[in-house]
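The sequence and model are shown first, and the points are then grouped by topic.

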4 protein chains.
Amino acid sequence: MAPRKMQIAAAGLGRMGKRHAINFLNRVPRAELVAAFSPDPEELQWAKQHLEPYGVTLYDNYDKMIEQKGLDAVVIGTATSVHAEEAVKAMEKNLHVLCEKPLSTSIAVCQEVVDAAKKHPSLKVMCGFSRRFDDSYRDAYNKMEQGAIGRPVILRSQTCDKHDPSGFFVEYAAWSGGVFVDMAVHDIDLTLWFFGDDVTPKSISAYGITAVQPDLRKYNDYDNAVGIVEFHNGKIAHYYCSRMMAHGQEDVTEIIGTEGKLSVNLNPQSNLVNYYHAGGITREVPPHYWGRFEQAFVKEANEFTDCVLDDTPVPMKLKNAVKAVQIGAWLQEALVSGKQLRFDDIGRRIEPAKL
Amino acid sequence: MAPRKMQIAAAGLGRMGKRHAINFLNRVPRAELVAAFSPDPEELQWAKQHLEPYGVTLYDNYDKMIEQKGLDAVVIGTATSVHAEEAVKAMEKNLHVLCEKPLSTSIAVCQEVVDAAKKHPSLKVMCGFSRRFDDSYRDAYNKMEQGAIGRPVILRSQTCDKHDPSGFFVEYAAWSGGVFVDMAVHDIDLTLWFFGDDVTPKSISAYGITAVQPDLRKYNDYDNAVGIVEFHNGKIAHYYCSRMMAHGQEDVTEIIGTEGKLSVNLNPQSNLVNYYHAGGITREVPPHYWGRFEQAFVKEANEFTDCVLDDTPVPMKLKNAVKAVQIGAWLQEALVSGKQLRFDDIGRRIEPAKL
Amino acid sequence: MAPRKMQIAAAGLGRMGKRHAINFLNRVPRAELVAAFSPDPEELQWAKQHLEPYGVTLYDNYDKMIEQKGLDAVVIGTATSVHAEEAVKAMEKNLHVLCEKPLSTSIAVCQEVVDAAKKHPSLKVMCGFSRRFDDSYRDAYNKMEQGAIGRPVILRSQTCDKHDPSGFFVEYAAWSGGVFVDMAVHDIDLTLWFFGDDVTPKSISAYGITAVQPDLRKYNDYDNAVGIVEFHNGKIAHYYCSRMMAHGQEDVTEIIGTEGKLSVNLNPQSNLVNYYHAGGITREVPPHYWGRFEQAFVKEANEFTDCVLDDTPVPMKLKNAVKAVQIGAWLQEALVSGKQLRFDDIGRRIEPAKL
Amino acid sequence: MAPRKMQIAAAGLGRMGKRHAINFLNRVPRAELVAAFSPDPEELQWAKQHLEPYGVTLYDNYDKMIEQKGLDAVVIGTATSVHAEEAVKAMEKNLHVLCEKPLSTSIAVCQEVVDAAKKHPSLKVMCGFSRRFDDSYRDAYNKMEQGAIGRPVILRSQTCDKHDPSGFFVEYAAWSGGVFVDMAVHDIDLTLWFFGDDVTPKSISAYGITAVQPDLRKYNDYDNAVGIVEFHNGKIAHYYCSRMMAHGQEDVTEIIGTEGKLSVNLNPQSNLVNYYHAGGITREVPPHYWGRFEQAFVKEANEFTDCVLDDTPVPMKLKNAVKAVQIGAWLQEALVSGKQLRFDDIGRRIEPAKL
């Protein structure tokens, strides 16, 4: 008899939702995509063509989908605003949950998901931060764990998107939570991974500009921002996010230790081609994060499936996803207010007093 | 109703055979692996665990396997010596064939496969040269086609394996056809791709040494060899094969045109990590070709499947696979004899007279 | 008749002093080193061997040296604490001055030199920031000036020294002014160059740790520090200084504009060698700034000489040297106090009130 | 009293001659350029401006120049055709000689210089191969000597010039000796250095094309050529020369040993700048050899001077310069004839019989 496969439903069929659905359909041998939901007729039309023929039942109602018999899990790739509600509902139906980041841009809402998960300890609930599943970051982490760089103390990380002149990012800023919550949350998550998730901020500072998309100011957002998080244990992380890169996606991380350094993607590249021409030697850069992290998303889906089927712990704690958003929100607050935020050594906000 | 999938059987479950089987099992959405054959009890034992549970019927007899009902195609990953016979038998059963390179180390035998394929024009018969499916080579090819380098005239290509002190390569040399047939055949195939498959050799020269595995001489083989193929149309290819690399797999190609150059993998790397330490800055290199070409094999399997299901031409002509082996064999002859081989302008051997 | 050469005296024969003396002796065709001063008997002993035989008169008294007949100029490479006094004295003797950076770690003292220079408008007075004379920085600057990156808005720059376990940096911290005055002053000077010297800080923040040399705390200094300077015109610079690098000197700058980016020395290297070995591919890194900037110092000496002989403006304004130290001192204040510094739009300190 | 400086005269003030003269004038502290010769009025005009004012006596007659009193040495940078004659005449005047490569394109004439040098054992006679003085090649050589790559067995080296559409190279081919004598002679010299100057060719093969400058055929020359030299001791060198590079000068060497590999300049670069733009990431390449080797020529001049003044052996044997030209001439013969050349184990030509 064939080994049982995990039956999974996909919620949301937008840009990332589609990718999750297709990954679970085609690239996760131990999973079977059996259902998919979207509130959007166009997305459902796409699904009729690309999912339904392969035995995927389609829904325009999330609640109905999660009642489908035999379901083991849901992958949530809907709009951020409904991530949390859908995750909690799924848990109430005893379904495992893989939720696209972030759980929410609100810490309180994030916490509700964590609380719900605590009530269902047998369920695997994971908020996917793709870089945790990237071969290069894992190799860097393993080298660090083996002592290659001594004690890690400084982390520099940047998430830089190719400039999109369409104005998309301005609309997006209305509900994204801002650059530090939307983009740097990856860099913050890397910090919690490489520095340990018990690090406590001591101070947070951030500054930004709107160099190419002044309309972002309407939503208190910026197209370039830098921030520093000082931790209580003698470690510092500093971040740069930008939506202004001419050349493509450039997500770089350096982990600097007392005895060495590790860099990840310091020299971004689309592939292994170099083009030699009268102007010099040129290599291309992936235009989007998918060009950099496609394989990481595939690994994420596979590892989540393994955890569900084998009942092993998920590779990243849910509460870290909250902590990363929390630090991102603080950075965003510092960015917008221009004020330095300070915290005592058990992490309580000292100043400025929170509104 | 679900779209029909291609039903494929895997012949051979050794190093590459296993990989083909697993690819068709898990990574080719439009294909279904339904049968597998190996004459080797250990390999069958592996298959009982990794293939049988997923509905794959196992065979210790190739002839019986290809009689299985409903089969569309066979992927052949057995020992080179039986590639051709198995390919022809499959065609006789009206099965499409994806055959691991080379068809044979004998040109005559290769030609038999081509002749058989001609008799079955409705069948897709492809001899897989993985680099044709690699994103970087394809990008380089497209750039060249778009005129980025003018007219391509010089091609330098090397296939260099990590040194394996186990003695494996010595045994392997007994039947591999020699470094130019076994390794450089990829570089030759790239030459036929980038220069056009109508190129005709004018002269062939090759030289080699046995620097770390003197026992290779027993089989007229070498652990390092260089060769030059001069073509009649004013183009030159030169090759380097080695089984002596300390650092890992290093397969590099440069295509040099009248107005520019393209390089592929000039700076090999396992991933995007750099390690900074007291001795400098180090990056690692994949130890084997799988680390370099895994995704190319996946793409090969998917594209072959598409051709079968959609009845489109396969992306590489079968006769090129013969031509590549033929040139490889001539290079090997030049290597062993120390003599330059010369050809007239319609490709007939002039000197030395063939034995 | 041979063209007149600039007669120059060298003050200070320590690490940098020696290099300046030797450069003017051997590598500046239009200059003649005719005198040298050191208060240190060992350094004078060195000079007896390496300078005196070539016609250089030695002094253990600075005042006497600058009275030597025929002198045109002095290059000052003594301890920072006497730079300013010596520079002013030289001007009073009507001598041109090339002074090693910084003029002083005290802004007031720096200003005295600027004031003195104003009184001697015919004299060339330059405080050398070596990176201004480096080919790579100049190429980057020219590309920016030609519009290659649009409007520059973000600058990231780091000055990172190889870890020196001898304890030298601890003693040095007693009088160096701190990492931001001693090291980042180069990065700040680059900021003034690439952003324009009229930029006005809006806020300054900085944080540091003592990861490998805890004794630095005695002198309010750090072995790793990061800082952000936000400017009033919508530009941001962020800096990283470290004395903890395992691999060598790593001075990197990125200038990010609205339409492109320029990086300088993102991949540091001692030379053009790569070493391939069982652990991967390694390149070495210069251990010290001299390995990176030797040719820049030679160019600096030559260009200073040209300015003196041809009566052309020096390539960098003296007041910038003061401004760079000022910003460095503010960063150091922010670092030590943990407080954000704020400035109004004409550059007046708002908060915290200066002590 | 000042240490005595070497008094040197410069013969030839063309492209390279000027550079040698200026180097000895300005960049060799222990040397004094006291005389210069050119048969060319324009060059003499240049010298009147750039050399005469600094005490350099000018000559339009070589014989007269070398009679100038007090001369120690001559640097010969005239046309290749007169190198040998001038070198021998200088020796007869008891002058040390630094001669630009090659001594001659004729082996017989080269040998005359070697014979003359043998008669004057107290004289330093060096034929400069600039790469021997390049920091990167020296670092690679030292690493090899320290055993970093085991036993070196394969050397790949290329000398590739930027395409010059002016037609200069066609005229130049009339007397340059051909690509292997003119360009690859550097790669051959590196071979003699890294493999040892006692290596004996076993076979020589070479092939070429005229892709962009068909007129080269008039002079039996090519704009792209590849060649293989097989040595009797189990080592192989292969070469590529081109005058067709779109991007600039690209002189690359790889030394491959039984336990590792060293590469020199595999990624050519003008400087440390990378430019990030909508088309990717670009770095520039030096357009000419001077951009790559300027510092090597300075070091060559200084080391030659040290040898003369300190009476130490010159760093490269004169007979190697002959051997390099000899191998280059054989490669050129193989290239033009299309025939493989073979040699017995004491280096005597076996076939084809020499004309």
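Is N265(A) buried or exposed? N265(A) is buried, with a relative accessible area of 3%, where buried means under 20% relative accessible area, exposed over 50% and partly exposed in between (1.4 Å probe, protein chains only). The model is predicted, so local features need pLDDT of at least 70 and side-chain atom pairs count only at pLDDT 80 or more, whereas totals for chains, interfaces and linings use all residues. Residues are numbered from 1 along each chain as its sequence is written, chains are lettered from A and ligands numbered from 1 in the order in which they are written, and side-chain values use heavy atoms, with hydrogens and water left out.

**Interface of chain D and chain C**

- In this interface, 31 residues of chain D are in contact (heavy atoms within 4.5 Å) with 31 residues of chain C.
- The buried area, meaning the accessible area (1.4 Å probe) that two parts lose on being put together, summed over both, is about 2,900 Å², and carbon and sulfur atoms give 53% of this area.
- The rule finds 2 salt bridges across the interface, a salt bridge being a side-chain nitrogen of Lys or Arg within 4 Å of a carboxyl oxygen of Asp or Glu.
- E284(C) and K143(D) form a salt bridge in which the closest N and O atoms are 2.8 Å apart.
- Elements giving two or more residues to the side of chain D that touches chain C are helix 6 (135-145), strand 12 (260-264), strand 13 (273-277) and helix 10 (289-310) of chain D; helices (H or I, at least four residues) and strands (E, at least two) are DSSP runs, numbered from the N terminus.
- Strand 12 (residues 260-264) of chain C pairs with strand 13 of chain D in the antiparallel sense over 4 bridges; pairing requires that DSSP finds at least two bridges between two strands.
- K261(C) has Y276(D) as its bridge partner in strand 13 of chain D.

**Helix 6 of chain B**

- Among the buried residues of helix 6 (residues 135-145) of chain B are Y137(B), Y141(B) and M144(B).
- The buried residues of this helix pack against elements including strand 13 (273-277) of chain A and helix 10 (289-310) of chain B.
- G147(B), which follows helix 6 of chain B, has a positive phi near 90°.

**Backbone features**

- N265(A) is not a glycine, yet has a positive phi of about 65°; N265(A) lies in the loop between strand 12 (260-264) and strand 13 of chain A.
- N220(A) has a positive phi near 55° and is partly exposed, with a relative accessible area of 43%.
- The peptide bond from E351(A) to P352(A) is cis, with omega near -10°.
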